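Hi,

Here is the model I said I'd pass on.

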Amino acid sequence: MKVLVPVKRVVDFNVKVRVKSDGTGVDIANVKMSMNPFDEIAVEEAVRLKEKGVVTEIIAVSCGEAKCQETLRTAMAIGADRGILVETTEELQPLAVAKLLKALVDKEQPSLVILGKQAIDDDANQTGQMLAALADLPQATFASKVEIAGDKATVTREVDGGLETIALSLPAVITTDLRLNEPRYVTLPNIMKAKKKQLDTVSPADLGVDVAPRLKTLKVSEPPKRGAGIKVPDVATLVDKLKNEAKVI
Ligand code: AMP
């Protein structure tokens, strides 16, 4: 059973992002980039399924600049068997990525596509859902537990006030939530091994996909600065201020 795992190169989650002074986007020059954390969870889940003997091949895919090769090497160091880079310098929006992935699903015929639930840079939370629609596959989003038996998957999802368990038949699309697993540390020997794994590069044109953006970002701005706090002498003043100034009680 083949699994396709799309991995996105994003600004590292520890970096405090800065908005460009002209408001056109976020400054990513000289900023540490890493694999989207939800995608690490997706790779880890695929590797665990392989370790259980359910999965035979894991293919990591990244769409973007040549530097996404680093992200693919990380995926291969976690345990993916090979990588595909869909190389382009164009800005890629979720619909374009979903179309590229759909073309790869047609080509590779995986039984499962495991994506992150969202990329932490644009917070779109759209690609998995769009891919499922374009490829006409069942989808289970925000998975916190995945079980595969034969050609069926049982997925537990975290929903408001509890857990929902759904059954779907393979092939299917699953997106990962934070509590699905804790990704393993990448070891040096595995980083070295990953360097020798197969990494193919294709272009959107090779896949017959037009990736032209459909949406235009009008403006990106910083959240408003928080005002300085004050110290109050006693509880009575605090209650008075909460009631009459902040009007929150
Ligand atoms: P988004 O819909 O942008 O929040 O992204 C959801 C998921 O889609 C991510 O966690 C990745 O698994 C996948 N994805 C999005 N963009 C890319 C990309 N450029 N390359 C590979 N995978 C991507």
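Predicted model: local features only at pLDDT ≥ 70, side-chain atom pairs only at ≥ 80, totals over all residues.

Residues are numbered from 1 along each chain as its sequence is written, and side-chain values use heavy atoms, with hydrogens and water left out.

**Overall**

The chain has 6 helices and 11 strands, taken as DSSP runs numbered from the N terminus (helices are H or I with at least four residues, strands are E with at least two). Along the principal axes, its C-alpha atoms fill a box of roughly 65 × 45 × 40 Å. Of the 249 residues, 41% count as buried; that means under 20% relative accessible area, with exposed being over 50% and partly exposed in between (1.4 Å probe, protein chains only).

Leu 4 is a handy place to look: Ile 59 in S4 stands opposite it, and Val 113 is its bridge partner in S6.

S6 goes on to pair with S10, in the parallel sense over 5 bridges. Val 113 turns up again in that pairing, with Val 173 as its bridge partner in S10.

How many of the residues of S6 are buried? The count is 5 of the 5, so S6 is largely enclosed by the rest of the structure. In a regular strand the side chains alternate between the two faces of the sheet. In S6, Leu 112, Ile 114 and Gly 116 point one way, Val 113 and Leu 115 point the other way, and all are buried.

**The ligand**

There are 17 residues around the ligand, and Asp 39, Ala 119, Asn 125, Gln 126 and Thr 127 come nearest.

An N or O atom in the side chain of Asp 39 sits 2.5 Å from an oxygen atom of the ligand. For the side chain of Thr 127, the corresponding distance to a ligand oxygen is 2.7 Å. Ala 124 uses a backbone N or O atom instead, 3.4 Å from an oxygen atom of the ligand. On its own the ligand has 480 Å² of accessible area, and the protein covers 98% of it (Shrake-Rupley method with a 1.4 Å probe; for residues, only the protein chains shown count as cover). The elements giving two or more residues to the shell are strand S4 (57–64) and strand S6 (112–116), and S4 has the largest share, with 3 residues.

**Asn 181**

Which loop holds Asn 181? The one between strand S10 (172–176) and helix H5 (188–195). At 9% relative accessibility, Asn 181 counts as buried. Its side chain makes a polar contact with the side chain of Glu 45 at 2.8 Å, and also reaches the backbone oxygen of Ile 41 at 3.1 Å. A polar contact is a pair of N or O atoms within 3.5 Å; within protein, one must be able to donate a hydrogen and the other to accept it, and residues adjacent in sequence count only if both atoms are side-chain atoms.

**Cysteines**

With a disulfide defined as a pair of cysteine sulfur atoms within 2.5 Å, the count comes to 0. Cys 63 is in no disulfide, and the nearest cysteine sulfur, in Cys 68, is 7.9 Å away, too far for a bond. Both residues count as buried, Cys 63 at 16% relative accessibility and Cys 68 at 5%.

Cheers

Conventions
Near = heavy atom within 4 Å. Pairing = 2+ DSSP bridges.
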